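Let's take a walk through this one together. Have the sequence and the 3D view side by side as you read.

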Amino acid sequence: MIEHIKVDDKHLRSMIHSGLIRFGGNVKLKIYGMLNCSSGKRMKTEYRVFFNSADEARKAGYRPCGNCLRKEYKLWKNGFIWK
């Protein structure tokens with residue numbers, strides 16, 4: 001997990017382009033989703049974290065976003081996904 005406030009924008013973009021970062025998350029709400037999600041783009045940078053994989057996010061205790069990861073969210077909500 002990488003905290004947004006601890007990485008400068010140039011390094012962050014290079015990690016995204018190289019594939020080291022594939023998902024974004026919200027520390028306060030414990031939700032993760034796609035980097036292009038409209039919900040994620042609205043969150044404050046101090047609450048934003050990044051993950052390499054959905055598995056990494058789930059192991060950290062985050063749930064799928066109901067907006068951009070609708071299928072995974074429904075599975076999580078019904079108890080079929082977790083750690």
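How many nonpolar, polar and charged residues are in the lining of the largest pocket? Before the answer, some ground rules. This is a predicted model, where local features need pLDDT of at least 70 and side-chain atom pairs count only at pLDDT 80 or more, while totals for chains, interfaces and linings use all residues. Residues are numbered from 1 along each chain as its sequence is written, and side-chain values use heavy atoms, with hydrogens and water left out.

Now the answer: 11 residues of the lining are nonpolar, nine are polar and four are charged. Here Ala, Val, Leu, Ile, Met, Phe, Trp, Tyr, Cys and Pro count as nonpolar, Asp, Glu, Lys and Arg as charged, and the others, Gly among them, as polar. A pocket is an open set of points on a 1 Å grid over the protein atoms alone, where a 1.4 Å probe fits and protein lies on both sides within 12 Å along at least five of seven lines; lining residues have an atom within 4 Å of a point. The largest pocket has a volume of about 360 Å³, counted as the space filled by probe spheres set on the points, which are joined across faces, edges and corners. Of its 24 lining residues, Ser39, Gly40, Lys41, Met43 and Arg48 lie nearest the centre. The elements giving two or more residues to this lining are α1 (9-18), β2 (23-26), β3 (31-34), α2 (38-41) and β4. The largest share, four residues, is from β3.

Those labels are DSSP runs numbered from the N terminus: helices (H or I, at least four residues) and strands (E, at least two). Five strands make an open sheet of mixed pairing, ordered β1-β4-β2-β3-β5; two strands pair if DSSP finds at least two bridges between them. At the edges, β1 (2-3) and β5 (63-64) each pair on one side only. β1 runs antiparallel to β4 (residues 48-51), with two bridges, and Ile2 has Phe50 as its bridge partner in β4.

Just after α1, Gly19 has a positive phi of about 90°.

What about disulfides? The count is zero, taking a disulfide as a pair of cysteine sulfur atoms within 2.5 Å. The sulfur of Cys65 is too far for a bond because its closest cysteine sulfur, in Cys68, is 3.9 Å away. Cys68 is in no disulfide either, with the nearest cysteine sulfur, that of Cys37, 3.7 Å away. Cys65 is buried at 8% relative accessible area, whereas Cys68 is partly exposed at 26%; buried means under 20%, exposed over 50% and partly exposed in between (1.4 Å probe, protein chains only).
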